[in-house]
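Here's a quick briefing to read alongside the model. Have the sequence and the 3D view open as you go.

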Amino acid sequence: MAASGNVGQELLAFATELYPICRSITGNGLRDTLRRIGRRIPLKIHEVPSGTRVFDWRVPLEWNIDGASIRGPDGRTVIDFRDHNLHVVNYSEPVDAQLDLDELRKHLHAHAKNPEWIPYRTSYYTRNWGFCLPRLQLDSLPRGRYRAVVSSRLEAGFLSYGEFRHRGASRDEVILFTHACHPSLANDNTSGLAVATRLAGWLAESPRRFSYRIVFAPGTIGSLCWLKRNERALARVRHGLVIGLLGDSAPLTYKASRLGTAEIDAIAKHVLTEIAQDTRFIPFEPYGYDERQLCSPGFDLPVGRLTRSVNDGYAQYHSSGDDLGLLSAEALARSFEACRRLIDAIEGNRRYVNLSPKGEPRLGKRGLYGAVGGQSPASRELAMLWVLSQSDGNQSLIDIASKSKLGFAAVRSAAEDLAKAKLLRVAGEPRGRRAARRKGK
Ligand code: ZN
């Protein structure tokens, strides 16, 4: 698989543009992020009012922050939000307090393992305030009086999420989800935002069999808002994928849907093994990203997840160590390519019925022998024999590709040739009506 340098650089540039923004599950940082995505693709921004009930949850007050700092006993600023937006516990309530070091320490957080990194902390549903700083700095604070100021606002407002839609030939849908709520964290947020944005642009370039929606939403509460607002349309969702953590050097990792038996699971298993043999496949667990909501038993959507590292699976996770240095253009490009290949397979994975099932049909008299598209005649013929023998209306092309150990592209192209030669029809297509229509002409 050739990773295009241009695509990788473009993805890295967009991840870099988004990195400094102080995002949260609500507020102007999230909105600014969605607007920047909206400059590249048609994106509808939805605003859900604070207080709205979503299943067992409620949309919290909107949080915005203008600045925050701690001044030491000598009057000098020791921590400034302007230096790094991880310095403030996300969703800190406003405060302006003078306090001794011992009291202040109750509001200070350092990374458990790395003394140089600033940890990422949030307090969405419990009113609190706090600062995060490197352990080295925390341990060197002198005794004395400190002044802590958080200039934030917690007000009735909205939760924002963005939705890209592409109408395909069918109303059946494929949904892609990426979370958009993390502040300056590169792999755990801006990588997924960049790849999802580029995928939307690519999807819109060609007519598609399925309709697509790509949702850019805050984790948990954002996906719940989307589910609530789209509950009646969920029956149309045929496949889904949560994407994120796509820019680091770890191998691709696919996490299965809740039961592991969705078509996307079979597609991912085949396609990702084909393009990267070191791909890791992990079973579902009720921890992670938006699959927690999408796959919950009340929705049970056929949704898998694609990442490189997994959540909590790398040292820099949820700390200032997850910076742009962790991303590479090559990893981003290969992740993008993997998503594209998955979507290509989703589009092409049909079930067929053999229309000449009694014995083998004669391929030669239909001109189906011979090299096409660089394949040797033997492998093309073999792919056709596999497709004919398995096409009973139940086996999908991915099933056939897996069973035959032939590439998906070879199996798909064989099926398309056989369908053109009227030896196959797509399963589920109303044969009678088509025949009647032909008769009527
Ligand atoms: Zn995260």
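Keep in mind that this is a predicted model.

**Gly67 and its surroundings**
- Gly67 has a relative accessibility of 15%, and because that is under the 20% cut-off, Gly67 counts as buried.
- Beyond its neighbours within four places in sequence, Gly67 is in contact with Phe81, Val149, Val150 and Ser151.
- Take Phe81 from that set: it comes 14 residues away from Gly67 along the chain, with 5.9 Å between the two C-alpha atoms.

**Nonpolar cores**
- The largest nonpolar core has 73 residues, and the ones touching the most other members are Leu199, Phe216 and Leu306.
- Helix H5 (residues 186-203) is the top contributor to this core, giving nine residues.
- Domain 1 (4-60 + 158-348) and domain 3 (351-426) each supply at least three residues to this core.
- Apart from this core there's another one, of 54 residues, including Val88, Leu159, Ile221 and Leu245.
- Not counting residues up to four places away in sequence, Phe216 touches a set of residues including Leu34, Ile37, Tyr161, Leu193 and Ala196.

**The largest pocket**
- The largest pocket comes in at about 450 Å³.
- It's lined by 21 residues, with His182, Gly219, Thr220, Gly288 and Arg292 the closest to its centre.
- By class, that lining splits into 10 nonpolar, eight polar and three charged residues.
- Where does the largest pocket lie? Both domain 1 (4-60 + 158-348) and domain 2 (63-155) give residues to its lining, so it lies between them.

Conventions. Residues numbered from 1 in each chain as written. Predicted model: local features only at pLDDT ≥ 70, side-chain atom pairs only at ≥ 80, totals over all residues. Heavy atoms only, no water. Core = buried A, V, L, I, M, F, W, Y, C linked by side-chain atoms within 4.5 Å. Buried < 20%, exposed > 50% of the residue type's maximum accessible area, 1.4 Å probe, protein only. Helix = DSSP H or I, 4+ residues; strand = E, 2+ residues; numbered from the N terminus. Domains from an automatic or database assignment. Contact = heavy atoms within 4.5 Å. 1 Å grid on protein atoms, 1.4 Å probe; cavity = no way out; pocket = protein on both sides within 12 Å on 5 of 7 lines; lining within 4 Å. Points joined across faces, edges and corners; volume = space filled by probe spheres on them. Nonpolar A, V, L, I, M, F, W, Y, C, P; charged D, E, K, R; others polar.
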